[in-house]
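Have the sequence and the model open side by side as you read.

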Amino acid sequence: MRRSWIGLVLAASLAFSGCSKPSADKVGGERMTSTDEMQSRDGPTIDVEKHPGKGLFLENCAACHNGGVPKAPQQVWLEMMSPDAILASINGGIMSQQAAKLSPVQRLQIAEYLTRTSLADYKAPAPPASCDAQHARFDTGSLPAKTGWGHDNNRFVSAQQAGLTKEQVPQLKLKWAFAYPKALRARSQPSIGWGAVFVGSQDGTVYAFDLETGCMRWSFRASAEVRTAVVLDLTTKRLYFGDVLARMYALDAMTGKLVWKAKIDDHSNATITGTPTIGGGQLFVPVSSLEVTAAADPNYACCTFRGSVVAIDAKSGSVNWRHYSVTAPGVRHGKTKAGTDIIGPSGAPIWNSPTFDATTNRVYFGSGENYSSPADGNSDAVFAVNAKTGKRIWKSQLTKGDAWNVGCMIGNDNCPKEHGPDLDVAASVLLVPIGGGKTMIVAGQKSADVFGLDPDTGKPVWKTTLGHGGTQGGVHFGMAAQGRLVYVPINDMEDTNDGRVYNAKLRGAGLHAIDGATGRVFWKSLADNVCGKKANCDPGISSAVTALTGFVFAGHLDGRFRAYDSRTGKPIWTVDTTLPVKTISGSTARGGGMSGPGAAVANGHVVVNSGYGLYNHMPGNLLMIFTPGGK
């Protein structure tokens, strides 16, 4: 893989990282040498150091996009956008005035530099086939259920909603598939309702597909990648979602027309990666950032972002309240050896979908690590806030002293003195009924620890450890619960490219079932390793799991999509989503590592994404729909 400027500048420092080859009972130990290693690229890339677009960007764009203007997206976000979106912004969009003095060739060169791709023959992808009059109609009698991200984070689908029994699972076959154009990842949770599938994509297009045939009823282009779920509002027939530039959208579900659009956070690195949750007429929007990556540049003053949950009026998009995880802005605490400011505390991003409890009118959510020193009491914590006012009720910190950024992976002076361990409360917390009218908050962490917390006080009741955890270990995107039975996916990558070494004997990659009342383990189903020498392949479960009556769907980082027996934990059905399949456009495409969203299930259809070309995972661009017999 091509090494960027940061790999060239810091190569010498890696020689002093102290990393050595681990013994047979240890895993990991390798360091990342460049932030470019985090993202897959489609085909050969340009020589970014010699490309004329670099100088043009530095001269015309960098002053704003690398910290000069708070609202201007950082360069790392621009590099994740599609070429036509960048060119549209430069040629006739929001950046047209700033680019007025640039020639068409120079504008193209800037887009090439940012996307790392030659655009001489680039053509924007053609849209999928539109539906005929019969299939374009929405079935208003086929109502969306209030399950999954955005509604109920327990991710349990009833037998009535699913229309699928455990006995039918082994009969599942591919009904149709869609290849996201020019994409290397598929990170938006599909949603099913009104006879349609709604889903976002890497280039920012949100689609409404006919559930039965896959034809397109409408599409809408957001400003940038949509990785949240598309949340369906049964009452208003609206859709809500966020993009990676921290913009929220409301669309008319029947037409795809924009109702409102709102910028949720003005920090240049802010993003919405967790799905907004709807409840009581409000949307509770989690705000995260990629400032953790910007710190890979030793000249970047780290850090000023603070995570938050923002409550906005679902009708208008106006802000009702904002609750910051880190309660006060950071202050300067000194300078690095490179002479840049150390600003903190910072970080504690919220990248999980908040959990709304209508009974108590509370919102619960978890935070990630601090980005800079000093680590404070708000990182790696679970919060309870009043849904009406945003006032904090309690906070329970699960790991103390966790400050970390990507500078630690590479080995530069922006790495905080705490040096991690980067153990976010990454997945949505669950409200689990435990009998007698009582509930337990169940929270999973990247440490591979699962906690039961008292919902009134936040105090830990129990703790269960299911693996060795780590930077890309433990619980990632979502647990599921049926009653008090909680399904916990564990990732536990063998090598997270951060120089750390893990005890292989403790590795818990796979699916686990525990008691939400006590934390007692019912069964463990550790994933077998079928990766061999396949690049960016790992058997763990990073994506959210989905529970149904008698079985659980789970997508693995190696591309396997499996159904597990809920009583024994044994796999009862497996499909390899990395194999090539024919799509509705007639082209052949394939999936990749499965991370982020899990399966959506309704009306006998199982809808799932495959492909996650980021952070050393296999790229892919498939939306796949399975039904019994493929009919």
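Predicted model: local features only at pLDDT ≥ 70, side-chain atom pairs only at ≥ 80, totals over all residues.

## Ground rules

Buried here means under 20% relative accessible area, exposed means over 50%, and partly exposed is anything in between, using a 1.4 Å probe and protein chains only.

Residues are numbered from 1 along each chain as its sequence is written, and side-chain values use heavy atoms, with hydrogens and water left out.

## The overall pattern

A disulfide is a pair of cysteine sulfur atoms within 2.5 Å, and the structure holds 4 of them. Count the bonded cysteines of the protein chain in sequence order and the pairing reads 1-2, 3-4, 5-6, 7-8.

## C131 and C215

The sulfur atoms of C131 and C215 sit 2.0 Å apart in a disulfide. C131 is in the loop between α6 (104-115) and α7 (133-136), and C215 is in the loop between β6 (205-210) and β7 (216-221), so the bond ties together parts 84 residues apart in sequence. Those helices (H or I, at least four residues) and strands (E, at least two) are DSSP runs, numbered from the N terminus.

The S-S torsion here is about 95°, so this disulfide is right-handed. C131 is buried at 15%, and C215 is buried at 13%.

## Two further links

C408 and C415 are joined with an S to S distance of 2.1 Å. Their S-S torsion is about 95°, so the link is right-handed. C408 is buried at 1%, and so is C415 at 16%.

C531 and C537 also form a disulfide, with their sulfur atoms 2.1 Å apart. The torsion about that S-S bond is -70°, and the link is left-handed. C531 is buried at 7%.
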